[in-house]
Amino acid sequence: MNQHPPENHSYGLIRDVLHKTSLWGHALTLSRFYLFGEIGNLMYTIGKSILEGAVLYTMFSMAEGEYKVAAILGVLTKYIYPGITFVSSVKVSVFVDYLESLHDQRRQLAKLIRAMTLIGGGQALGAIMLVLCYPPFFSGLFGAFDYSKYLLILLYLLHHVCDGSAQVAEGRVWFKLIEIKIRHGRLSRISDNFWGIHAMSQNIQLILGLTLLWGTTLVTGLFRDRLDAGVMWGIVIGGMMLTALAKFALPLAWKLNWIEPKASP
């Protein structure tokens, strides 16, 4: 019997936001599975945002001023994503169709968790490729080579291939995981409000990511003549570590059996 039916009316925007945020927070306390998944999502959002805030501005400045390839990087960014999305979507859709043919839910979850580990590996590689494009790193490692401008293009391309394809796959794999564990799970208080909780989670990550991206870009602008300062290295290395480790949070919790619900509704 459904003991917590979702409300069929709006409170107004502000109260809706507060209400959905409260439900999202409540879901974190009720489901350890959801908690560890969201820890990974927030770690990735924070890490990727501050990493891009520090690297993109400085890398494009270097690409324009020293190598004259900023236009190529810009075009690359615009036109490579449709291809990445196409290939990744097809592969993940085939995988999800196969999963849905399995009747053992535990087996479905185990395969999705393994997919999340591969996604974590892809995002970690993407973060490393982006860090290698950071001007102090890039100039120190590759600046003396005659073909360094081509290396910059290649590293940036590999960043998008690794991180972009992992992001597309992660969106679908994470949704499938929470569909099984949250939407069709035993915790009616959160399964009845699944869409509101999922939407608020995405909104929180969106606002957090934009705030950190612009904040880090501002700090980077203040240090643009001292990119080897400790503050900048702290931002770049911290961002890379958070991004690289984020999506291993849930697989690790699964492996250690930390994901059973704390309480029944």
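User: How many disulfides does the structure hold?

Analyst: This is a predicted model, in which local features need pLDDT of at least 70 and side-chain atom pairs count only at pLDDT 80 or more, while totals for chains, interfaces and linings use all residues. Residues are numbered from 1 along each chain as its sequence is written, and side-chain values use heavy atoms, with hydrogens and water left out. A disulfide is a pair of cysteine sulfur atoms within 2.5 Å. The number of disulfides in the structure is zero.

User: Is Cys 133 buried or exposed?

Analyst: Buried means under 20% relative accessible area, exposed over 50%, and partly exposed in between, with a 1.4 Å probe and protein chains only. Cys 162, at 19%, counts as buried. Cys 133 has a relative accessible area of 0%, so Cys 133 is buried.

User: Which helix gives the most to the lining of the largest cavity?

Analyst: A cavity is a set of points on a 1 Å grid over the protein atoms alone where a 1.4 Å probe fits but cannot get out, and lining residues have an atom within 4 Å of a point. The search finds one cavity of 30 Å³ or more, and the largest holds about 40 Å³, where a volume is the space filled by probe spheres set on grid points joined across faces, edges and corners. Its lining includes Phe 36, Met 116, Glu 170 and Lys 247. Helices are DSSP runs (H or I, at least four residues) numbered from the N terminus, and the top contributor here, with four residues, is helix 2.

User: Which helix gives the largest share of the lining of the largest pocket?

Analyst: A pocket is an open set of grid points with protein on both sides within 12 Å along at least five of seven lines. The largest pocket holds about 590 Å³, and among its 22 lining residues Tyr 44, Thr 45, Gln 167, Glu 170 and Gln 205 lie nearest its centre. Two or more lining residues come from each of helix 2, helix 6 (148-183) and helix 8 (194-222). The largest share, eight residues, is from helix 8.

User: How many nonpolar residues are in the lining of the second largest pocket?

Analyst: That pocket has a volume of about 280 Å³, and its 15 lining residues include Val 92, Ala 115 and Leu 118. Ala, Val, Leu, Ile, Met, Phe, Trp, Tyr, Cys and Pro count as nonpolar, Asp, Glu, Lys and Arg as charged, and the others, Gly among them, as polar. Besides three polar and three charged residues, the count of nonpolar ones is nine.

User: What is phi of Lys 68, a residue other than glycine?

Analyst: Most residues other than glycine have a negative phi. Lys 68 sits in the loop between helix 2 and helix 3 and is exposed, at 61% relative accessible area. Its phi is positive, near 55 degrees.

User: Where is Asn 257 found?

Analyst: Asn 257 also has a positive phi, about 55 degrees, although it is not a glycine. With 59% relative accessible area, Asn 257 is exposed. Its place is in the segment after helix 10.
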